[in-house]
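I opened my notebook again to look up a few backbone and sheet details. Here is what I went through, entry by entry.

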Amino acid sequence: MKEDMPVTGKAPVLVTRSSMPPFEEYSELIKELWESRWLTNMGDFHQRLEHELKAYLDTPGLTLFMNGHMALECVLRAFGLSGEVITTPFSFASTTHAIVQNGLTPVFADIRPDDYTLDPEKIEEKITEKTTAIVPVHVYGNICKVKEIEEIAGRHGLKVIYDAAHAFGEALNGESAASFGDASMFSFHATKVFHTIEGGAVAFKDRTLEHALNGLKNFGIMDEETVELVGGNGKMNEFQAAMGLCNLRHIAQEMEKRKKLYLRYRENLSGHPGIVLCPEPEGLRRNYSYMPVAFKDSFKNRDQVMAQLLEENIHPRKYFYPCINAYWCYRDRFSPEDTPIAGKVSREILTLPLYADLALETVDEICRIILRK
């Protein structure tokens, strides 16, 4: 780590910053919209982006949505689930809210202490005669123990729907993250490694799912005279799709830039007692979306580290804190004491700034502040 002068100055360093294509590239593409005036309702850009994402994610089926949350809500509904759904409390609010919004009961299982994903060993004990599905999360792009989870699901006849919001473009042992389970939801929010400003998608193998998903995101309307389902409005518009088409052209460079920053963080912070980094599993192709670091009290507690960074106008994030089963809105339904590992991790974890145009010198400065006594 270079011992140069601080580089942060007064300008804030945020936890993330949206990547954007060259202005001319995007503006040239959307010129077509001033000619066609087709701004939404699955126009040309929408169809092109679906086609290109199917190829990029190596999935036979994919449906676009206005955001990832709507995508998750709709895929849960498309499977006609009922009763209980086993999931993780260590995730963004959307994961559980989508389950609840479908009239289903979330059942929280604890997480693995090293990669923070749903622990297969804790799933089995949560299964009852009311269980119909498992919704695991690839937290920070750490791919779940998919083989073990899907073996459990197979024995009990359960659907597996992955929240893959953090796993765009990732693969494990050559298999795309979009290929696991019965379906996977991806988020294309502006803060993600690939984005469409707002947006999301469901990837799936069973092509019969496409009919239901397309209906659910368009008020259940199947043609000019047929309303087959009770659906909502989850369509991605053409400006979003155009942003996605442009960003997809640059995704390899985006990930490569992030990789250099991610590796510099690991180089600077590895080997310090009380600082814990996620393991690097063999065969995992990362997208380098996040830089999570756990701080044990033997080093400094998480809140002390955050306070030091904020003093220097550097803004990390307590991502995820609190756990979902400790949310105020669920205070009478769930107990965070049921998932002690998730609770402990939520009090230790901090995601550090990571985005494509962040300077390596800034990463070094952030690490110096963290390591300062």
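I started with Y288, which sits in the loop between β13 (284–285) and β14. The model is a predicted one, and I kept that in mind throughout. I found phi of Y288 near 60 degrees, a positive value in a residue other than glycine. Buried or exposed, I wondered about Y288? Its relative accessibility is 14%, so Y288 counts as buried.

Next I turned to M42, in the loop between α1 (23–36) and α2 (44–57). M42 is not a glycine either, yet its phi is positive, about 55 degrees. M42 counts as partly exposed because its relative accessibility is 23%. I noted these residues since most residues other than glycine have a negative phi, and most peptide bonds are trans.

The one from Y319 to F320 is cis, with omega near 25 degrees. Y321 and P322 are also joined by a cis peptide bond, with omega about -5 degrees. I placed F320 in the loop between α10 and α11 (340–348), and P322 is found in the loop between α10 and α11 as well.

Then came the sheet. Which strands form it, and in what order? I read the order β12-β14-β15, an open, antiparallel sheet of three strands. Its edge strands are β12 (275–277) and β15 (349–351), each pairing on one side only. I logged three bridges between β12 and β14 (residues 292–295), and L277 stands opposite V293 in β14. Helix α10 (residues 302–311) lies across β14 and β15, at about 25 degrees to β15.

Key:
Residues numbered from 1 in each chain as written. Predicted model: local features only at pLDDT ≥ 70, side-chain atom pairs only at ≥ 80, totals over all residues. Heavy atoms only, no water. Pairing = 2+ DSSP bridges. Helix = DSSP H or I, 4+ residues; strand = E, 2+ residues; numbered from the N terminus. Contact = heavy atoms within 4.5 Å. Axes fitted to C-alpha atoms, helices over the stretch in contact; angles between N-to-C directions. Buried < 20%, exposed > 50% of the residue type's maximum accessible area, 1.4 Å probe, protein only.
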